[in-house]
Each structure stands twice: as C-alpha cells, then as structure tokens.
Amino acid sequence: MTERIINILIQSFPKILVPGLLKTIPLTALAFSIGFCIAVVVALIQFAEIPVLRQVCRFYIWVIRGTPLLVQLFVIFYGLPRVGILIDPFPCAVIVFAVNEGAYAAETIRGALESVPHGQIEAGYCVGMSWVQIMYRIVLPQALRTAFPTLGNELISMVKDTSLAANITVTEMFMTTQRINSVYYEPLALYLEVGFIYLMFSTVLTKLQSLGEKRLASYGKR
Amino acid sequence: MPMLEIKNLRKSFDGLDVLKGISLSVEKGDVISILGPSGGGKTTFLRCVNFLEKADGGEMVFDGRHIDLARVSGREMREVRMKTGFVFQNYNLFLNKTALQNVTEGLVTARRMEKAKAESLAMAALDKVGLAERASYYPVQLSGGQQQRVAIARALVTEPEIIYFDEPTSALDPELTGEVLSVMRDLAREGQTLLVVTHEIGFARNVSSRVCFIEGGVMVESAPVEEFFGAPKEARTRAFIQAITSKEV
C-alpha cells in the first residue's frame with residue numbers, strides 16, 4: 001500500500017513539476033510583469049491627478065478589487081465568446097492575472113509614491129527638470145524601494161493564484177495533479193505533493209525577496 | 001534695466017490675501033535680504049517668484065523677458081527655472097542620489113550635459129562649499145549643514161542669474177548655521193546675485209546690499225542696507241529692528 005503511494009508520488013513528481021516550469025512560472029512572470037507596468041501607469045495617473053483618466057483608474061481599481069478573480073477568469077474565458085471574442089486559455093489567463101495584479105499593485109505603488117517627501121519634486125523643478133524626469137529619476141526609484149516588500153508578497157500570492165487557471169483549462173500544475181489523481185485516486189498524497197511544489201516555488205521567491213531587500217537597503221543606510 | 005523685476009505680485013490662499021501687491025527690482029550683483037515676521041508672506045513671495053506657488057496676479061520681467069504671473073505657461077516656468085537656483089529651508093536633496101549626483105542631476109537631466117563634464121563642474125561646486133571629500137555620500141549620511149551646502153552647490157552649479165534662498169539656516173542648529181552663512185557670504189563676494197529670505201539679522205546687515213521688510217503681505221520698506229538699519233523710514237521697520245537687535249543683547 002505505502003509502496004504504491006510512494007511509487008505514484010515519485011512517478012508523478014516530474015509530471016507535475018514540468019507544467020509548473022512550463023506553465024505556472026511563465027504565466028506568473030508574464031502576468032506579473034504586465035500587471036506591474038499597468039500598476040505604474042495607473043499609480044502615476046492618480047499621483048499626477050490627471051482629471052478624467054484619474055476617474056477611469058479609480059473605476060478600474062474598484063471593479064477589479066471588488067470582484068473575485070475566479071469570476072473575472074470566467075467572464076473573459078467563458079463569457080466573451082458570446083460576443084464573438086475567443087481567447088486561448090493561456091493568453092486569457094495572462095490577461096486576467098495581469099489586469100487583476102495591476103489593480104492591487106497600483107494601490108501599493110500609489111501609496112509608495114505619496115510617501116516620497118514632496119520637497120524633492122519642487123527641488124527637481126527648481127533645477128529645471130520636467131515632471132516626467134522627476135518621476136523617472138527621483139520619485140519612482142524611491143517609491144519602488146518602499147513598495148518592494150509588498151510587491152514581493154503579491155508575486156508570491158500570484159504563484160499560488162495561478163492554480164485558478166485550471167478552471168479555464170490551462171494545464172498548469174494543479175490541473176495536471178487533478179488528472180493524475182483521476183487515474184490513481186490518491187487525493188491526499190497527490191494534493192499534498194502539488195502543495196509541496198507550490199511551497200518550493202514560494203520559498204525560492206521568499207529567499208529572492210529578502211536578498212533583494214538587503215540589496216535595496218535605503219540609500220546610504222546599511 | 002534691472003535683471004529681475006516683480007510688479008504688483010498678488011496671492012491669496014482660500015480667500016486670505018497673503019501677498020497684496022509686492023514689487024521688487026533686482027540688479028545684477030545685488031544681494032537682497034528679505035526680513036519680516038513669520039506668516040508675513042516672505043516665503044510665499046519667494047515661492048511665487050520661482051512658480052512653486054501660482055500667483056493670482058502680477059508681472060515679472062526676467063532677463064528682458066516679460067511674464068504674466070497669473071498666466072505663466074509650463075514652458076516659461078521651465079525657461080526661467082533654467083536660469084535660477086533655489087535653496088530650501090529643508091534642503092530637499094534627492095535622497096536616492098549621492099551628493100555628487102544631486103549636483104549633476106540638473107546638468108545631466110535638464111540640460112543634457114555630458115556626464116564627465118557635469119561631474120567636473122559638480123566637483124568644483126562641491127569644492128567651493130567645502131564638501132569635495134563628501135561627494136559619494138548620500139544625504140542621510142550628511143549633517144544638516146552639509147546637506148544645505150550640497151543644496152547650495154546644486155543651485156550654483158548651473159551658473160544661475162540669481163539664487164533664491166528660503167530661510168536656508170532656519171532648520172539648522174546654531175552651530176551649523178555658520179558654515180552655511182559663510183558659503184553664502186563667499187557667493188555674495190564673488191558677485192553672485194542673491195535673494196534671501198532670512199531671520200539672520202547679521203547676514204542681512206553685513207552681507208546684503210539691500211534689505212526688504214515684508215509684513216502682512218505688503219512690502220513695508222525696501223532700502224540699501226545702511227539706510228535700512230541706519231535710518232529706516234517706516235515706524236514699523238524701526239520697531240522690528242529694535243525688537244530683533246534687543247534680542248541679541
């Protein structure tokens with residue numbers, strides 16, 4: 001009995017890990033990168049208090065943060081074909097995760113932008129810099145350092161949230177595990193196994209995060 | 001023709017008139033101290049002159065160029081700021097940049113100067129304020145007086161027509177004000193045009209060529225330094241001078 005389980009676990013390990021490396025990680029990396037870019041733009045629009053765009057950003061954040069990620073996935077993947085928009089599972093997951101992450105990270109970055117002492121912006125104007133130059137060279141670098149730990153947490157959350165993509169037929173780690181389980185019916189062992197692999201991924205990211213934080217120790221402070 | 005002329009500058013915050021039509025004329029090489037009680041509008045005046053606050057009305061003639069202060073465009077603001085320097089009460093150094101990078105930033109980013117050239121100019125500026133050996137330090141590693149001297153280097157490196165100082169020593173320990181004031185005195189001696197909002201009566205008396213007294217949003221008196229301290233015209237100015245000099249005793 002135990003020998004059978006051990007054999008199943010050993011055989012299934014690479015079968016689960018490979019989609020982890022080929023689907024879960026690329027999905028997370030792509031969605032997080034795009035989401036980060038969305039977040040910076042959305043945060044800057046709010047920080048600059050650009051009239052109409054600012055309202056649009058607030059609306060975007062309100063809707064995305066106020067609805068479940070799973071519902072967002074279903075609306076885009078199962079809902080949009082009704083109006084003739086068909087997107088393949090993987091790109092669909094990338095879009096939904098990116099848009100979702102963008103809303104959360106935008107708030108993180110906006111808070112960090114507001115924590116940068118305002119006098120530096122005035123000083124930037126006084127040496128002749130433009131708003132864009134001041135943001136790019138002075139304010140954003142400081143804000144991103146402040147936001148780094150929170151963004152790291154969000155990245156780790158996203159690794160785990162990608163398991164939701166199984167619901168829109170992306171054959172990532174969790175869906176693969178479900179399929180293996182339907183053959184052998186060892187739910188306890190197999191779901192513990194996939195949980196362990198998620199834990200490994202998260203552990204690596206946590207290590208990278210604390211390394212990053214050390215490297216980014218405040219300017220001039222050790 | 002004066003290098004900088006401000007005419008009838010007006011500014012209010014939420015219906016409260018902070019500046020009620022202030023005029024000032026600055027010649028090249030002038031060192032002008034602006035004195036007056038706190039809340040009188042000195043700082044607001046200086047901030048309006050460099051567009052950190054938007055004036056409600058008034059005119060500026062700078063370097064032969066005419067500007068309507070209530071309708072100044074972004075481009076005009078930037079063009080004027082390219083020729084001026086500003087030193088803040090709280091230094092406002094860029095915290096993510098070293099002392100050297102703080103000084104080169106305006107040259108490299110705003111003026112598109114080559115990095116090597118900017119760095120040699122910046123080192124000369126830091127040397128002038130006595131901080132060449134601190135070039136690689138970040139602001140948090142510097143004392144208040146050192147930070148303010150870096151801020152002065154940042155302002156003077158662009159060779160501005162005029163440098164504005166907004167209470168440059170007010171945030172400093174008495175021990176540290178001396179090093180900042182002596183840098184300012186050196187600048188004045190070299191003929192740099194300065195407009196200084198200050199509470200340092202000694203600086204006003206010994207370094208400036210002209211002294212203005214602003215109170216209640218009005219320019220109460222503006223006179224050459226000997227006249228201002230020796231024979232002030234306005235009773236209010238006399239009372240103010242008496243109050244601050246008796247404090248020194």
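Visitor: Which residues point one way from E8(B), and which the other way?
Guide: B:Thr193, B:Leu195 and B:Val197 point one way from E8(B), while B:Leu194 and B:Val196 point the other way, and all are buried. A residue is called buried if 20 or more other C-beta atoms lie within 10 Å of its own, exposed if 12 or fewer, and partly exposed in between, with C-beta atoms placed from the backbone. This is a predicted model, in which local features need pLDDT of at least 70 and side-chain atom pairs count only at pLDDT 80 or more, whereas totals for chains, interfaces and linings use all residues. Residues are numbered from 1 along each chain as its sequence is written, and chains are lettered from A and ligands numbered from 1 in the order in which they are written.

Visitor: And the strand as a whole, why is E8(B) largely enclosed?
Guide: Five of the five residues of E8(B) are buried, so the strand is largely enclosed by the rest of the structure. The names of strands (E, at least two residues) and helices (H or I, at least four) refer to DSSP runs, numbered from the N terminus.

Visitor: Which strands does E8(B) run parallel to?
Guide: Strand E7 (residues 162-166) of chain B runs parallel to strand E8 (residues 193-197) of chain B and is joined to it by five bridges, and strand E3 (residues 31-35) of chain B is also parallel to E8(B), with four bridges. Two strands count as paired if DSSP finds at least two bridges between them.

Visitor: How is chain B divided into domains?
Guide: Domain 1 of chain B covers 23-83 + 161-249, and domain 2 covers 93-159, with bounds that come from an automatic or database domain assignment. The C-alpha centres of the two domains lie 24 Å apart.

Visitor: How many residues of each domain are in contact?
Guide: In chain B, 11 residues of domain 1 are in contact with 10 residues of domain 2, where contact requires that the C-beta atoms of two residues, placed from the backbone, lie within 7 Å. On the domain 1 side, the largest share, five residues, comes from helix H6 (residues 174-189) of chain B. That side has nine nonpolar, no polar and two charged residues; Ala, Val, Leu, Ile, Met, Phe, Trp, Tyr, Cys and Pro count as nonpolar, Asp, Glu, Lys and Arg as charged, and the others, Gly among them, as polar.

Visitor: Changing topic, how many residues of chain B are in contact with chain A?
Guide: There are 24 residues of chain B in contact with 18 residues of chain A. Helix H2 (74-81) and H3 of chain B are the elements that give two or more residues to the chain B side, and H3(B) provides the largest share, four residues. By class, that side of chain B has 11 nonpolar, eight polar and five charged residues.

Visitor: What does B:Thr109 touch?
Guide: Not counting residues up to four places away in sequence, B:Thr109 touches A:Met129, A:Gln133 and A:Arg137. B:Thr109 belongs to helix H3 (residues 99-110) of chain B, and B:Thr109 is buried because 20 other C-beta atoms lie within 10 Å.

Visitor: What does the secondary structure of chain A come to?
Guide: Chain A has eight helices and zero strands, and buried residues make up 34% of its 222 residues. Along its principal axes, the C-alpha trace of chain A spans about 75 × 50 × 25 Å.

Visitor: At roughly what angle do H4 and H6 of chain A cross?
Guide: The axes of helix H4 (residues 89-115) of chain A and helix H6 (residues 131-161) of chain A cross at roughly 145° and come within 8 Å. The residues of the contact of H4(A) with H6(A) divide into 12 nonpolar, four polar and two charged.

Terms used:
Axes are lines fitted to C-alpha atoms, for helices over the stretch in contact, and angles run from 0 to 180 degrees between N-to-C directions.
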